[in-house]
Amino acid sequence: MTRLLRQPAVHFVVLGAALYAAQAWWTPPVPATPVPDDELLYRAALASGLDQRDPLVRERLEKLGRFVAADGVVGEPERTARDLGLVGTDAVIRRHLVHAMRLALSAPGAGERATDADVDAWLAAHPDRFAAPPTTSLTHVYLARGRHDATAADAVLARLRAGDPATMGDAFLLGSHLDAATDDAIDRTFGPGFAAALRDAPSGQWIGPIASSYGMHLVRIDARQVGTLTPSPAIRRQAAVALVAERRDARLQQRLAALRSN
Amino acid sequence: MRLAVLLLALATAAFAGPPPWQRTETREPCAASDPMRRPFFGDIHVHTLYSADAYIFGSRVDPRGAYDFMRGRGTVLLADINEAATRESRRIDRPLDFGAVTDHAEFFGEVDRCATPSSPAFDETLCTQLRQVDAGTDAQSGVTISWLFPLGIPNPPTQHSICTLPGVDCDAAAVSVWQEEQAASEEAYDRTSACTFTSFVGYEHTPSPLGRHRHRNVIFRNATVPAIALSHLDTPGGVPQGLWTALETQCLDAGTGCDALVIPHNSNLSGGEQWPDPADATEALRRQAREPLVEIFQQKGASECRFDRLLGRGVDGADELCTFEQLPNPHEGPDAVPLPVDTWPRRNLVRSVLKDGLSLEQQLGVNPFRLGFTGGTDTHNGTGGGVAETGWDGAQGGIDATPARQIADNARDNPGGLTAVWAEENSRDAIFSALRRRETFATSGTRPVVRFFAGDLANVACGSPDFVRAAYTTGVPMGGELGPTGTAPRFAVWAVKDAGTAEQPGTDLQRVQIVKGWVDVAGVQHERVVDVAGDAAAGGVDPATCAPQGTGFAELCTVWEDPAFDPREHAFYYARVLETPVCRWTTTLCRSVGVDPLAPDCAAQAATAGDDFASCCRTSGDDAFAEPLVQERAWSSPIWYRPDTIGRAAAQVAFGRPGRDVLTLRLRFGVTEHLDPARDGLTVRVSDDDDIVAVTLPPGTLRRTGAGRWRLVGKRSKPDGIAALSLVQRRNDTRLVVRTTPRDLASADRSDHMVTIAVGAGTWQTSHTRLWLASRDRLGLARRKDLR
């Protein structure tokens with residue numbers, strides 16, 4: 001014991017503790033602030049005995065204990081290190097315990113796996129997450145910039161409405177049909193505002209002319225598909241991943257709150 | 001009217017053939033699918049906080065944030081110069097169709113261990129340096145060098161020393177980062193039938209010997225990827241052979257369904273070392289297979305070509321449009337200095353490399369540098385596809401976070417480019433296959449759309465609604481190869497302007513050029529740039545407002561025939577589409593601080609604004625490359641002419657009674673001096689999404705029946721199902737005839753679709769893909785009567 005009292009490491013710990021205590025004593029009282037998450041997690045780790053079981057902690061304590069032993073301390077190194085309070089004072093051990101506890105608290109309990117019903121419920125609660133957006137299929141007759149005026153466009157429209165096949169007009173690089181295109185895809189094909197101009201157009205009727213970045217277009221909406229959710233196995237897997245992540249975060253917050261109220 | 005709709009429906013039904021690729025993943029089919037292919041725009045070069053340099057620069061956007069940005073679903077916070085937190089949030093001006101986060105795979109584990117407070121390494125110097133974002137740009141650059149130092153030396157250590165600390169398992173951390181990258185990509189991938197966005201799993205492989213960038217992006221076809229991101233430090237055995245070997249072992253040949261492409265980039269900073277000569281024809285072929293593409297444009301400049309306007313000459317040519325987006329130094333590192341064009345490393349430049357590829361093909365029979373084009377940002381802010389020229393505010397975290405830093409130190413950078421692909425649908429298999437066959441074009445950031453075909457193209461005419469279908473029927477698209485057809489090949493190019501956005505209308509087109517590179521029979525290289533459509537004087541900029549002045553063209557189309565074509569010469573052709581000029585980002589930014597690069601008294605204005613803004617006033621009169629106005633552009637992947645590949649071809653499957661179908665091929669090649677069936681045997685493969693017929697004849701199977709004449713003789717030598725095969729190698733051409741015995745060829749779908757004929761022997765390999773037409777009793781290449 002006398003030898004132990006001569007160890008610089010012990011002096012360091014004792015003096016450090018004394019200084020810490022003195023500082024705590026001298027510091028004027030401050031309004032109670034919530035305990036930080038990390039401190040809560042650290043305390044929970046000790047309460048659950050994680051520091052006794054975790055191999056990384058034990059290895060580190062062993063190493064620190066040997067370091068002290070090199071200065072002549074006898075006894076089992078890990079025990080020595082624990083006696084010196086290094087579980088609380090060694091930053092590496094402390095951080096590791098906090099991290100491990102965070103993972104432990106996030107982990108699902110028994111019987112908490114996402115079931116098919118859970119995935120269904122989650123998909124229903126997040127309709128926009130995997131729902132296919134509404135799309136439009138259309139046919140158009142293109143009148144290239146500089147080659148036709150508004151009168152000509154009206155004349156073509158009249159002929160289309162009278163039943164002429166949609167083979168008039170100019171060739172359009174991206175073709176005369178667009179299949180199942182989102183509004184975004186329509187605007188990226190023809191230019192901004194094009195999808196908006198079609199929003200209220202009736203299906204099956206030729207309308208226009210609508211201006212694009214390239215000229216004018218006479219358009220017939222062939223079909224509108226409403227946005228639907230079609231939970232294929234691949235999408236269910238994606239949903240399950242998102243569900244698990246969401247639950248993990250919620251569980252951690254819930255358990256931290258429980259620790260805090262204890 | 002009803003009849004028209006019905007006919008249309010029938011025409012569409014006839015198209016419902018298989019795409020020319022296999023679906024390797026489980027997903028819903030896309031609601032919109034077009035066998036004649038549609039253009040999709042993407043960015044497959046994006047860094048997030050898991051790239052050590054991005055973290056050092058203060059970027060804190062994670063892969064999920066980057067994908068949200070690319071999809072237009074979220075904003076990202078740009079790194080401030082003083083705080084890891086935020087400068088401002090940014091949203092993409094228009095979403096991308098596809099994208100990949102490609103973080104530097106080196107130091108995944110170290111970055112994670114250094115960024116994680118619970119890690120025992122957290123307080124190590126290396127780690128505090130990583131996180132120290134308020135140190136100023138010089139310090140950040142210094143830290144970057146110390147972090148990335150192992151990438152610049154031979155035989156580097158595989159990890160930083162922090163990984164040897166107790167409790168610091170960098171390998172495990174690297175795996176978890178790699179899994180995080182995969183999870184983020186998976187979450188962003190639209191597996192619904194809407195097919196609004198395709199993400200790829202990818203990473204960057206980053207060797208930089210003495211500052212010479214030999215960087216490559218690895219892009220995986222689907223979710224099956226190696227257990228670790230195979231970084232430069234994990235792949236000894238030479239650059240890039242070590243990477244290829246690792247990918248072959250752990251992905252391509254692993255039998256797991258893993259598939260990958262390697263895309264070199266930034267050769268403008270490679271000191272000429274990005275593409276060394278292959279050791280032999282075998283390595284040349286391996287390179288062609290592993291690396292079908294190059295990123296020709298990105299935030300750190302263009303790699304196409306180089307022209308010094310003050311000297312009036314360029315590297316390997318005199319193309320005046322090659323002043324575009326040039327960096328002064330040919331590499332980075334302590335010995336980096338500007339070099340004149342006369343001593344500039346040729347292989348920094350893709351056009352020169354393409355020409356060297358032709359020369360090597362002339363010698364080896366294989367072109368190792370058959371590179372299609374991609375463009376990317378290389379953003380280190382997680383802002384993939386954030387390429388709008390106006391309002392660009394940097395891409396390297398704190399390094400270029402303020403107007404002063406952008407102009408003073410980074411004025412030669414630019415917002416970066418995009419990759420466009422022609423694919424049937426927006427899914428991983430479709431886009432990956434387009435990348436592999438090089439049916440791609442790169443842009444300097446805008447979104448013009450370009451079609452480019454070569455071949456006989458007898459029935460292809462501008463203005464015809466049948467243009468594309470006809471071109472696929474009688475020619476090959478960008479990225480393909482072409483043999484002698486008996487006449488000079490024709491080139492069809494059709495480009496339309498960027499459709500634009502509400503905030504930024506698309507810029508008109510100015511002209512289309514065809515760039516030809518070739519090697520003559522004496523082995524001398526040449527290049528030529530021809531304006532084939534448009535008007536070099538069209539369009540301009542109002543110097544007072546940067547608004548467009550005059551008009552260009554909404555679209556340009558032409559069918560061009562090369563008047564100087566010589567069937568004996570190896571050549572490549574690519575289309576370059578130029579928009580009318582606009583103000584460069586520097587011009588707009590300089591004006592916002594009161595310095596007008598287009599004003600005569602720019603220097604006086606800069607003196608008032610401060611030293612940082614002096615470079616605003618670089619002009620074309622005193623700087624070899626500075627351009628206050630730029631012409632944004634698109635580059636189609638080249639089409640290669642090879643004298644020894646398939647030129648004219650007749651091919652068909654004649655459908656008979658069940659089990660009695662017959663495939664016949666009559667192929668004509670040019671002079672096949674590298675084809676030796678006695679030494680190498682012969683393989684013939686006809687395929688769409690799967691093999692229709694595949695024959696391998698080992699050496700010695702074909703009997704020599706006369707000078708240059710080979711055929712299958714006797715029943716025993718005939719492989720199963722082959723009735724006849726003859727090969728005639730003549731002084732001017734080579735002919736191959738193959739006929740199967742009557743058999744079941746049900747794998748040949750009875751609809752119009754793309755079919756590939758591939759013929760090879762040893763390292764001599766050829767391939768020819770065209771649209772085959774289906775009728776009641778036949779599927780085949782178009783005959784003369786089909787084209788009427």
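Residues are numbered from 1 along each chain as its sequence is written, with chains lettered from A and ligands numbered from 1 in the order in which they are written. As this is a prediction, local features need pLDDT of at least 70 and side-chain atom pairs count only at pLDDT 80 or more, while totals for chains, interfaces and linings use all residues.

**View 1**
Helices (H or I, at least four residues) and strands (E, at least two) are DSSP runs, numbered from the N terminus.

**View 2. Two helices of chain A crossing.**
The axes of α3 (residues 37–47) and α14(A) come within 10 Å and cross at roughly 80 degrees (axes are lines fitted to C-alpha atoms, for helices over the stretch in contact, with angles from 0 to 180 degrees between N-to-C directions). That makes α3(A) roughly perpendicular to α14(A), a label for angles of 65 to 115 degrees. A:Asp37, A:Leu40 and A:Ala44 of α3(A) meet A:Leu256, A:Leu259 and A:Arg260 of α14(A). That contact has 4 nonpolar, no polar and 2 charged residues.

**View 3. The largest nonpolar core, and another one.**
A nonpolar core is a set of buried Ala, Val, Leu, Ile, Met, Phe, Trp, Tyr and Cys residues joined through C-beta atoms within 7 Å; buried means 20 or more other C-beta atoms within 10 Å of the residue's own, all placed from the backbone. The largest core has 181 residues, and B:Phe108, B:Ala471 and B:Ala495 are among those with the most contacts inside it. Leaving aside residues up to four places away in sequence, B:Ala495 touches partners including B:Val450, B:Leu509 and B:Val577. Apart from this core lies another, of 27 residues, including A:Ala132 and B:Ala499.

**View 4. A helix tucked inside chain B.**
In α13 (residues 467–474) of chain B, 8 of the 8 residues are buried, so the helix is largely enclosed by the rest of the structure. Its buried residues, among them B:Arg469 and B:Tyr472, pack against β15 (449–455), β16 (475–477), β18 (490–496), β38 (764–774) and α17 (784–787) of chain B.

**View 5. A strand of chain B covered on both faces.**
In β14 (residues 440–443), B:Thr440 and B:Ala442 on one side and B:Phe441 and B:Thr443 on the other are all buried. β14(B) pairs with β13 (residues 418–423) of chain B in the antiparallel sense over 4 bridges (pairing needs at least two DSSP bridges), and B:Thr419 has B:Ala442 as its bridge partner. Another 3 bridges join β14(B) to β27 (residues 633–636) of chain B, also antiparallel, with B:Thr443 opposite B:Ala634.

Methods. Buried ≥ 20, exposed ≤ 12 C-beta atoms within 10 Å, placed from the backbone. Contact = placed C-beta atoms within 7 Å. Parallel < 35°, antiparallel > 145°, perpendicular 65-115°, else oblique. Nonpolar A, V, L, I, M, F, W, Y, C, P; charged D, E, K, R; others polar.
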